[in-house]
Amino acid sequence: MLGKAACLVALCALGVAVYLLPSPIDPKPHVLKGPPPALEGPLAVNTRLQKGRRVFTGKLHGPESFTADQDGNVYTGTVDGKLWRIGPDDTLTLITQMGRDIPECGSSPDYEPVCGRPHGVRLDRRGQLIVADSYLGLHSVDPQTGQKTLLLANSEGADGRPFAFLNGLEISPQTGLVYFTDSSSRWGRRHVKLEVIELNALGRLLTYDPESGRVAVLLDSLYMPNGLALSPDEDFLLLAETSIGRILRFWLKGPKAGTKEVVLDNMIGYPDNIRLSASGDAFLVGITTPRFRKLLPPFLDVIAPYPALKRFLAKMVPLGWYNVLLPRHAMVLELALDGRLQGSHHDPDGTVTRAVSDVFQNPRGGRTYLGSTDQPYLVVLDGWQS
């Protein structure tokens, strides 16, 4: 009896200790719009993404975002802080290291603040790469020499608030203005799972003017703003709010200029980057994690309304363990220019890829590149079926 009592006391003490432990997150209740949409109609499952092939296995780890020059060279950044050029003949050339080049780069997310983590990558009108490094800020990089120029440090931020998680990037061909997102003012990229679980609204959409160096906030209080894409006429841009599975349209011109509206809500997955197709008649959305019911409802749907449960999980469950909950089902959504869902592309069992961060169609060469946040390869499709 004494032994059982001692065990009971020990368990109670452990429970109290766990309860008193501070949680790293401060979540609020959130009620989703409804259950995920059915996999039917434009969302019907297919195997189109399985026509792709893996390249640079073990050499490119987490090629997140892409851009291409007039010669067909493609540029991307990886989890080890490196920026790469992929030639039309599939040659791979290192351009530069965004941060310090140490042996530990790429071995753990904990080294990303030191090594750098290039996310959004675009070419400006002068042929220079503009890179949104999640930790180190906006940079201009000479694609030939690798020379880096810091344009805007995370510590500078905007309106007195530093950046913590620079992410999406787009450049206006008309004005040269750089549009970019800061996904959170609290969590860095290496803590993205806490950002998603907490479900806060600490993200911003901003612009950087390369001529004046001026930074402006276009939208505040966003839920993990991520990828963005300008419309062909640049009258609006689409913006992904990843953590709540939503896409917004922000008007840049016309009577609605300066306002936002919801284009897609209660999505089938969590949107990452958004790109204009090579033909210019559709937007392509990479889904970083699908959201649909298999044996159980989606994990994030289940915990969304319960802040106490979220605080407990953040205290007790190592971040890496959440990966076992992620379905191995890659998906790309195809949207009409008005934002209407018109099709989808799947790899339903993760044969070629299990998640998609970016869908980039190189106008020179006809290839489609599928990015990822952490997979140790790049996926290329030589054709695209709309």
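Is cysteine 115 buried or exposed, and what is its relative accessibility? At 1% relative accessibility, cysteine 115 counts as buried, where buried means under 20% relative accessible area, exposed means over 50%, and partly exposed lies in between (1.4 Å probe, protein chains only).

The legends below describe a predicted model, in which local features need pLDDT of at least 70 and side-chain atom pairs count only at pLDDT 80 or more, while totals for chains, interfaces and linings use all residues. Residues are numbered from 1 along each chain as its sequence is written, and side-chain values use heavy atoms, with hydrogens and water left out.

**View 1. The whole protein chain, with its helices and strands.** The secondary structure of the protein chain comes to five helices and 24 strands; helices (H or I, at least four residues) and strands (E, at least two) are DSSP runs, numbered from the N terminus. The radius of gyration is 21 Å, close to the 21 Å that the globule rule gives for 386 residues, so the protein chain is as compact as a globular protein of that length. That radius is taken over C-alpha atoms, and the globule rule is 2.2 Å times the number of residues to the power 0.38. Along its principal axes the C-alpha trace spans about 80 × 50 × 45 Å, and 53% of the 386 residues count as buried.

**View 2. The disulfide of cysteine 105 and cysteine 115.** A search of the whole structure finds one disulfide, a term that stands for a pair of cysteine sulfur atoms within 2.5 Å. This disulfide joins cysteine 105 to cysteine 115, with an S to S distance of 2.0 Å, and the link is left-handed, with -95 degrees about the S-S bond. Cysteine 105 lies in the loop between β5 (92-97) and α2 (112-115), whereas cysteine 115 lies in helix α2, so the pair ties together parts that are 10 residues apart in sequence. Cysteine 105 is buried, with a relative accessible area of 12%.

**View 3. The largest nonpolar core and a second, separate core.** A nonpolar core is a set of buried Ala, Val, Leu, Ile, Met, Phe, Trp, Tyr and Cys residues joined through side-chain atoms within 4.5 Å. The largest one has 19 residues, and those with the most contacts inside it are Leu238, Ile247, Ile274, Phe283, Val285, Leu333 and Leu335. At least two residues of this core come from each of the strands β15 (236-241), β16 (246-251), β17 (260-264), β19 (283-290) and β20 (330-335). A second, separate core has 13 residues, among them Ala132, Leu166, Leu169 and Ile171.

**View 4. Threonine 242 in the loop between β15 and β16.** Threonine 242 is buried, with a relative accessible area of 5%. Between threonine 242 and tryptophan 187 there are 14 Å in space, C-alpha to C-alpha, and the two are 55 residues apart in sequence.

View 5. Side chains of opposite charge can pair when their charged atoms come close. The structure holds 17 salt bridges, each a side-chain nitrogen of Lys or Arg within 4 Å of a carboxyl oxygen of Asp or Glu. Arginine 186 lies in the loop between β11 (178-182) and α3 (192-198) and glutamate 198 in helix α3, so the pair ties together parts that are 12 residues apart in sequence. Arginine 186 is partly exposed at 41% relative accessibility, whereas glutamate 198 is buried, with a relative accessible area of 1%.

**View 6. A network of salt bridges that links Arg53, Asp90, Arg367 and Asp382.** A further salt bridge, between arginine 340 and aspartate 338, has its closest N and O atoms 3.8 Å apart. Arginine 340 is partly exposed, with a relative accessible area of 48%, and aspartate 338 is partly exposed at 44% relative accessibility.
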